[in-house]
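Please walk through this structure step by step. Keep the sequence and the 3D view side by side as you read.

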Amino acid sequence: MVRPPMPTRIARASLTIHAPLARVWDIVLDLPRYREWNPFIRDVDLAGPPAIGKRFKLRVRFASGLPFVSPERFVVIDPPRDGEATLVYDFDALMHRLGLLHASRVQTLRQPDPAGPTHYDTHETFTGPFAALIPFAGVQAGFAAHASALKARAES
């Protein structure tokens, strides 16, 4: 018997930031300070610096006011090298371990010209039977707000 394909949803945001890649990377990697500038993130529970395999919690607030706690785990931390840097973390709740929802957030920075701007791209792919239950419009709006606030923070 052939199973139907799992629902997949992708939230994304992308923009150009007129700041050096190293500055933008420092802001992206300093998760505990997100609450100072990021309208989507109320707080981050992270003990110590980010590290591969380390778990943390994002306390988000959707534009609707709905709060949500999202357990996450770092899977890629590639600091700036050759004009690129990448941070990836995966949703790490019970729903993930039961195979009901997989979500992976990727944040990529590119600065092809060392004297030029940095391009920021983020996307999160949601798959699994529970993917259709994600408040997708809220996630998409949160990513757009995050990107705009990151730009403002890095350019100030």
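This is a predicted model: local features need pLDDT of at least 70, side-chain atom pairs count only at pLDDT 80 or more; totals for chains, interfaces and linings use all residues.

**Rings, helices and loops**

At 2% relative accessibility, Tyr89 counts as buried.

Tyr89 has a ring partner, Phe56. A pair of aromatic rings is described by the distance of the centres and the angle of the planes. The centres of the Phe56 and Tyr89 rings are 5.2 Å apart, and their planes stand at 85 degrees, so the pair is edge-to-face. The cut-off for that label is an angle over 60 degrees. Now locate the two residues. Phe56 sits in strand 3 (residues 55–61) and Tyr89 in strand 5 (residues 84–91), so the pair ties together parts that are 33 residues apart in sequence. Phe56 is buried too, with a relative accessible area of 3%.

How many aromatic pairs does a search of the whole structure find? The search finds six. Another of these joins Tyr34 and Trp37. Their centres lie 5.1 Å from each other, with 65 degrees between the planes, and this pair is edge-to-face. Both residues belong to helix 2 (residues 34–37). They are three residues apart, about one turn of the helix. Are Tyr34 and Trp37 buried or exposed? Both are buried. Look also for Phe40, Phe62 and Phe143, which form one aromatic cluster.

Ala13 lies in strand 1. With a relative accessibility of 10%, Ala13 counts as buried, because the limit for buried is under 20%. Which residues does Ala13 touch, not counting residues up to four places away in sequence? They are Tyr120, Asp121, Thr122, Phe143, Ala144 and Ala147. Now compare sequence and space. Ala13 and Gln140 are 127 residues apart in sequence, yet their C-alpha atoms are 7.7 Å apart in space.

Next come two helices. Two packed helices are described by the angle between their axes and the distance between the axes. Helix 1 (residues 21–29) packs with helix 4 (residues 136–155) at an angle of about 125 degrees, and the axes are 10 Å apart. That makes helix 1 oblique to helix 4. Their crossing is right-handed. Which residues make the contact? Helix 1 supplies Arg23, Val24, Ile27 and Val28. Helix 4 supplies Leu150, Arg153 and Ala154. Sorted by type, the residues of this contact are five nonpolar, no polar and two charged.

His18 lies in the loop between strand 1 (8–17) and helix 1. Is His18 buried or exposed? His18 counts as exposed, at 57% relative accessibility. The cut-off for exposed is over 50%. Leave aside the neighbours within four places in sequence, and His18 is in contact with Pro117, Lys151 and Glu155. His18 and Asp78 are 60 residues apart in sequence. In space, their C-alpha atoms are 21 Å apart.

The last stop is Asp82. Asp82 is placed in the loop between strand 4 (67–81) and strand 5. At 74% relative accessibility, Asp82 counts as exposed. Check the backbone here as well. Phi of Asp82 is near 55 degrees, a positive value in a residue other than glycine.

Notes: Residues are numbered from 1 along each chain as its sequence is written. Side-chain values use heavy atoms; hydrogens and water are left out. Axes are lines fitted to C-alpha atoms, for helices over the stretch in contact, and angles run from 0 to 180 degrees between N-to-C directions. Helices (H or I, at least four residues) and strands (E, at least two) are DSSP runs, numbered from the N terminus. Angles under 35 degrees count as roughly parallel, over 145 as roughly antiparallel, 65 to 115 as roughly perpendicular and the rest as oblique. A crossing is left-handed if the near helix is turned anticlockwise from the far one by less than a right angle, and right-handed if clockwise. Contact means heavy atoms within 4.5 Å. Ala, Val, Leu, Ile, Met, Phe, Trp, Tyr, Cys and Pro count as nonpolar, Asp, Glu, Lys and Arg as charged, and the others, Gly among them, as polar. Rings of Phe, Tyr and Trp (its six-membered ring) pair if their centres lie within 6.5 Å; planes under 30 degrees apart count as stacked, over 60 as edge-to-face and the rest as tilted. Buried means under 20% relative accessible area, exposed over 50%, partly exposed in between (1.4 Å probe, protein chains only).
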